[in-house]
Amino acid sequence: MDEHLWHHVSPRKRGPKELTGMVNLTRDKDGRVRARLLDLVPGRSGTVYKTWLDQRGKTFKQRVEVATLDPFRGYKNAIDDKLADATAVLDAFHVVALATAVNEVRRRVQQEIHGHRGRSGDPLYGIRNILRCGAERLTGKQQARLDAAIAADERHDAVHIAWQRAQRVRAAYAHPDPARGRQLAEQVVNGFPSCPIPEIARLGRTLRQWKDAFLAYFDTDRASNGGTEAINGLIELHRRIARGFRNRENYRLRMLLVGGGLTLDPPQV
């Protein structure tokens, strides 16, 4: 499941902006995920999700084996309460996004040293895009720029350490062996909370709170919310094509037609 904004006007006119979307991520016989939108319901809370699950009935809930989610405690509580036999998996994309706290560190160090935001000519500002890259994708020129910027001031070491920590999170997810990836992820959970860099320590505490759902990624054939995000992109595309919607129920029905994965029998000749 994932949250979704269906309008950007006053809630007094059209009701809640947030919708919770439920997507079926069942794999086909070839092991590929075939994302299919199940429903869009108003609100973004654990209560909304619990109510929807109860409406599906006992048989439906018993068939759910894995539930992927963003790091939102409301959804996690609903899974624990209503899908006790299912495995909750924290979405890899959002964990990696949290790991890019390196940009927060860069901005903080920039302010502490120069007293202003990054400007052209500032070493850290010059590598802001490089810090978002994976270490394995850096060209020789980019690596040299990174090294030069870090060496320009010893206080830049905090940025380099934060970048290295982000690479460790990426390496855990990218490792071809799930068992080894899980070991790397456990090292992240155990080591990050004690990091002297506050942003990384905060990330470590977050992952420690979500430890079971974080590590479950490596035990569930790499389950993630990727298919859910793809459905969200499909919804956004068709909302733009339609120039927006005013009626939520019409919006829901149209998006179920777009992303519901309906198949029709071939015409009889």
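Okay, so buried here means under 20% relative accessible area, exposed over 50%, and partly exposed in between, with a 1.4 Å probe and protein chains only. Keep in mind this is a predicted model: local features need pLDDT of at least 70, side-chain atom pairs count only at pLDDT 80 or more, and totals for chains, interfaces and linings use all residues. Numbering runs from 1 along each chain as its sequence is written, and side-chain values use heavy atoms, with hydrogens and water left out.

The whole chain, then. Buried residues are 41% of the 269. We've got 14 helices and five strands; those are DSSP runs, H or I of at least four residues for helices, E of at least two for strands, numbered from the N terminus. The C-alpha atoms fill a box of roughly 70 × 45 × 45 Å along the principal axes.

Now, helix α9, residues 157-174. How far apart are its end C-alpha atoms? They're 25 Å apart, which agrees with the 26 Å that 18 residues should span at 1.5 Å a residue. That expected span is 1.5 Å times one less than the number of residues. On the buried list for α9 you'll find, among others, Trp163, Gln167 and Tyr173, plus several alanines, including Ala158 and Ala162.

Over to Asn232, which sits in helix α13, residues 226-241. Buried or exposed? Asn232 is buried, at a relative accessible area of 13%. And who does it touch? Setting aside neighbours within four places in sequence, Asn232 is in contact with Asp2, Glu3 and His4, where contact means heavy atoms within 4.5 Å.
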